[in-house]
Structure formats: C-alpha cells, structure tokens
Amino acid sequence: MERVLKDDAVEEKGERARMAAFIGAMAIADLVKTTLGPKGMDKILQSTGRGRSVTVTNDGATILKSLHIDNPAAKVLVDISKVQDDEVGDGTTSVVVLAGELLREAEKLVNMKIHPMTIIAGYRMAVECARNALLERTMDNKENIDKFRSDLMNIAMTTLSSKILSQDKEYFAELAVDAVLRLKGSTNLEAIQILKKPGGSLKDSFLDEGFILDKKIGLGQPKRIENAKILVANTAMDTDKVKIYGARVRVDSMAKVAEIEAAEKQKMREKVQKIIGHGINCFVNRQLIYNFPEELFADAGILAIEHADFEGIERLALVTGGEIASTFDNPESVKLGHCKVIEEIMIGEDKLIHFSGVDMGQACTIVLRGASEHVLDEAERSLHDALCVLSQTVNDTRVLFGGGWPEMVMAKAVDDLARKTPGKKSHAIDAFSRALQAIPTIIADNAGLDSAELISQLRAEHHKENCTAGIDVITGSVGDMQKRGISEAFKVKQAILLSATEAAEMILRVDEIITCAPRRREDRM
C-alpha cells in the first residue's frame with residue numbers, strides 16, 4: 001500500500017487515539033485539582049530559562065499557561081482556562097477540573113460500548129437542564145444598593161478565600177469592591193492601577209484615588225502643582241549634544257564644532273518653546289529628557305517627567321483625559337490632560353508622583369505591600385481575579401451561593417432528567433451529574449475532610465425544598481451558605497459549565513491523532 005504520510009509522521013487511530021486524548025486531559029485536570037477551593041495548595045513553577053525565575057501560584061490559568069504541553073487534548077484544556085481567565089477572570093481551575101471529570105465519566109461510557117455521539121447528545125441535554133436549574137435559583141439584588149454591596153463583598157471574599165489573600169480577605173474584598181464601584185458599571189479595568197511595592201505586610205496595602213506614577217520628580221522642579229494641565233508625549237528630547245552616528249564631519253577648528261552644538265541647542269530650545277506654548281504646567285515624556293531641555297522646563301515652572309513607563313503613560317493619558325502627542329506644531333489640536341493636584345509622595349523607601357482629582361473620576365490605584373516579589377505577584381493575580389469577577393457582576397447582577405451548592409443544585413436537576421430520559425442517553429446524563437458532584441468532592445478532599453460522607457449528606461439536604469446547604473470547609477461539615485455569606489457570580493458559574501462541556505465534547509469527538517513529522521533541514525553542503 002502506498003504511504004500517505006511522510007516518514008516520522010505518527011498516527012494513532014480509534015481506541016488508542018481516544019485513550020491518548022482522555023489520559024492527557026485527565027492528567028491536566030489532576031494537576032490543578034489540588035489548587036481548588038479555600039484549602040487548595042499552591043504550586044511552585046520554575047522556568048528553565050535564564051535567571052530561573054520562580055512563580056508561586058494557585059491560579060489555574062497561570063499554572064497552565066506556564067506549562068509546555070505535548071498532548072493535544074491537554075492543550076484544549078489549557079485554552080479553555082485561558083478563555084475563562086480573559087472572559088470572567090475567575091474559575092480557571094474549576095473549568096479544567098469539570099472538563100476533566102466529564103471526560104473521566106465519558107471514558108467509562110465508551111468502555112461500555114456507548115457511541116461518543118450518544119454521550120455528546122446526553123451531555124447537551126444535561127447542560128441545558130443544569131443551566132436552567134441555576135437560572136431558577138439565582139438571586140438579584142440590583143434594586144437594593146446595600147444588599148447588592150453586601151453581595152459584592154461576599155463574592156469578593158469567596159473569590160479571595162482560595163488565594164494568598166485569604167487571611168485578610170475582608171480587608172481586600174473591601175478594597176476591590178470600592179475600586180469596582182468607582183468604575184460605575186464599566187468593565188474597563190484599565191482605570192484601576194495595581195502598584196506593587198515590596199516591604200511592609202499585606203495588611204499595609206491601600207486604595208488611593210487618582211493615579212500614581214512610579215517616577216521621581218527631577219531636580220530643581222516644582223514639587224507640587226495645582227490645577228495641572230498635562231501634556232503627555234512620546235518624543236525625543238535628547239538631541240542637545242552632537243550625536244552624529246556613522247557620519248564624518250570635517251571642520252577646520254573647534255569653533256566650528258561649537259557652532260554645530262549651538263545649532264543643535266537652538267533646535268532644542270525651539271522645540272521646548274513650542275511645547276511650552278501649549279499653556280501647560282506638566283510635561284510627561286515616554287523618552288529621556290536631557291539636562292538642557294529640563295533646565296528650560298524648570299525655568300518656565302513646568303514639571304517635566306521623563307521615561308514614564310509605557311503602560312504607565314498610556315494609562316495616564318486615559319485617566320487624565322488627554323492623548324499622547326508626538327508633534328507640537330498646532331497646539332489647538334492636541335488634547336491636554338487635567339488633574340487637580342500633582343505631588344510627590346513616599347511609599348516605603350520610594351518617592352512616587354501622585355496625580356489626584358483626575359478627569360476620569362473612576363480612576364484609582366491599589367498599592368500592594370508585601371514581604372517579597374513572589375508574594376506581591378500572587379497577591380496581584382488574586383486581586384485581579386476579584387476585580388474581574390466584581391466588574392462582571394456589576395453588569396450581570398445575578399448571584400448564586402457558593403461552596404459546592406450550585407453543583408449540587410445542577411446535579412439534582414440533571415439526575416431527575418436522567419430518570420425521565422429513555423435510551424442510552426440517560427447513561428450520559430447520569431454521568432454528567434456525577435461529574436458535577438466531583439467539584440464539591442474535590443473541595444472537601446483538598447480540605448482533608450471525608451468527602452464521601454459529606455457529599456452523601458449534601459445530597460440528602462438538597463432533596464429538601466429551597467435548600468441552601470454547601471460544604472463549609474472551615475468547620476468541616478455541611479453548612480448553610482446563606483448564613484456563611486458564601487456567594488459566587490452567576491456569570492462565572494455559567495461560563496464554567498458551558499466551556500467545560502464544549503471542551504469535553506470536542507475531545508470526545510476525536511478518533512484519530514496525527515502527529516506530523518518535523519520539517520527536515522536540508523543539507524546545505
């Protein structure tokens with residue numbers, strides 16, 4: 001028989017391909033499932049590159065993003081955790097764990113000789129049913145502002161309780177809720193800046209209105225400016241000396257060199273005059289500002305800030321309502337930024353520049369303090385998750401209880417559907433309900449509790465009407481989620497449910513894996 005594929009190309013068919021896909025996906029799910037829940041553990045990721053940088057994290061998306069994975073099915077799960085992170089910010093671990101459990105159940109069904117398409121059809125019915133069960137039980141307090149704020153606080157605390165910030169979760173939940181409520185319903189988190197400054201403890205973190213730029217104010221310049229008009233620019237201010245690269249200039253005396261320098265200086269002076277002509281009192285530049293233009297700005301009483309970091313300058317333009325300019329010929333077309341006060345502040349050992357009373361009223365800065373860079377990085381990831389979830393909840397105000405309660409509600413509804421459905425599909429629907437129950441089981445296992453005992457108690461509780469029971473990992477028993485104030489955003493749960501099912505479905509459809517041969521380098525000899 002003629003060979004279709006080139007040498008070194010590998011193909012796996014039928015059973016073997018399906019096994020490879022299942023095993024890869026389940027291995028990824030097992031890898032992150034220990035990080036799930038309030039008592040989940042962290043992972044240390046060490047890179048093999050230069051500097052061997054170390055990351056300590058329990059954020060599912062961060063862990064999976066850092067892995068180099070060879071298995072194609074595992075890559076699908078990495079992708080869904082990335083999408084979950086971009087879409088709603090939290091639930092990155094849950095979505096991978098749920099997809100892994102769905103595949104684990106599907107594998108048993110495939111071994112019972114049930115066709116993958118039948119399983120997929122069953123899963124589709126189950127997902128619809130589970131989503132409707134959640135929709136019926138959501139709470140929505142957007143009319144009552146105090147209640148809605150307490151919902152947001154509960155969601156923030158639930159999100160943070162599985163992260164490094166869990167010790168001070170009330171404090172950080174307060175910070176996150178305040179920051180998000182300032183956004184007034186926008187999901188643009190650009191306006192919330194997170195600054196990390198090592199030193200102090202996590203408790204020393206604070207929320208500050210306005211914008212903090214991690215720069216010092218230059219010498220001999222005003223340290224405080226009120227009613228600032230800010231020109232944000234990206235332009236070269238470093239040509240007051242002769243810098244002629246790769247060109248030869250022949251002069252017959254040093255005086256001629258001085259003339260060239262004077263001409264350069266004159267050019268610079270004209271540029272500075274043009275900038276001052278905008279009627280500004282603060283000039284922020286993305287690039288370096290040399291001594292001579294800095295002198296000119298200081299003489300004119302203008303605060304000049306050089307080398308503002310790239311993200312910083314874009315955010316500064318956004319927050320002060322200005323635009324980044326690079327030409328200064330027609331001042332009327334340049335949009336200046338405004339703020340009430342610019343002053344120098346100290347955080348720890350460092351001096352920074354604080355812009356307060358900015359045009360974009362919702363802008364604020366969260367300054368994180370902590371023992372080391374690793375703690376700060378992880379704190380930033382945790383806080384980012386909380387901010388994302390809160391900003392999504394402000395838009396879609398539906399809220400659910402947490403602690404495994406939504407999974408049990410869905411599992412019960414799916415179970416009832418399985419009993420009513422004739423044919424082989426009912427096995428798949430039943431399997432879906434078991435996969436959903438795996439999430440509270442893992443939360444209990446990670447806390448070192450007897451999961452079998454707790455889940456059976458939970459199941460019994462959930463057969464009562466309007467039950468609010470979930471797993472309370474602090475006391476190690478079944479607790480009332482309403483009293484404990486453990487809440488989650490409906491949007492997050494819905495995204496987890498739909499993404500995990502779609503990913504599992506995609507991997508289930510696979511019946512052949514073809515690994516292409518690497519392209520050979522031709523011998524150039």
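Let's start with a helix pair. In α1, Glu15, Arg18, Met19, Phe22, Ala25, Met26, Ile28, Ala29, Asp30, Val32 and Lys33 make contact with α4. On the α4 side, the partners are Thr93, Val96, Val97, Gly100, Glu101, Leu103, Arg104, Glu107 and Val110. By class, that contact holds eleven nonpolar, seven charged and two polar residues. Keep in mind that this is a predicted model.

Now the geometry. Helix α1 covers residues 14–33, and helix α4 covers residues 92–111. Their axes are 8 Å apart. The packing angle is about 145°. The crossing is left-handed.

Next, the domains. The domain assignment gives two entries here: domain 1 is 10–140 + 400–515, and domain 2 is 211–360. Taken over C-alpha atoms, the centres of domain 1 and domain 2 are separated by 53 Å.

Last topic: backbone torsions. Most residues other than glycine have a negative phi. Which way does Lys113 go, positive or negative? Positive, with phi at about 70°, and Lys113 is not a glycine. Lys113 sits in the loop between α4 and α5, the latter being residues 116–136. Is Lys113 buried or exposed? Exposed, at 68% relative accessibility.

Then there is Asn466. Asn466 is not a glycine either, and its phi is positive, about 45°. Where is Asn466? In the loop between α14, residues 451–462, and β16, residues 469–472. Asn466 has a relative accessible area of 62%, so it counts as exposed.

To recap: a left-handed crossing of α1 and α4, domain centres 53 Å apart, and positive phi at Lys113 and at Asn466.

How values were computed. Residues are numbered from 1 along each chain as its sequence is written. This is a predicted model: local features need pLDDT of at least 70, side-chain atom pairs count only at pLDDT 80 or more; totals for chains, interfaces and linings use all residues. Side-chain values use heavy atoms; hydrogens and water are left out. Domain bounds come from an automatic or database domain assignment. Axes are lines fitted to C-alpha atoms, for helices over the stretch in contact, and angles run from 0 to 180 degrees between N-to-C directions. Helices (H or I, at least four residues) and strands (E, at least two) are DSSP runs, numbered from the N terminus. A crossing is left-handed if the near helix is turned anticlockwise from the far one by less than a right angle, and right-handed if clockwise. Contact means heavy atoms within 4.5 Å. Ala, Val, Leu, Ile, Met, Phe, Trp, Tyr, Cys and Pro count as nonpolar, Asp, Glu, Lys and Arg as charged, and the others, Gly among them, as polar. Buried means under 20% relative accessible area, exposed over 50%, partly exposed in between (1.4 Å probe, protein chains only).
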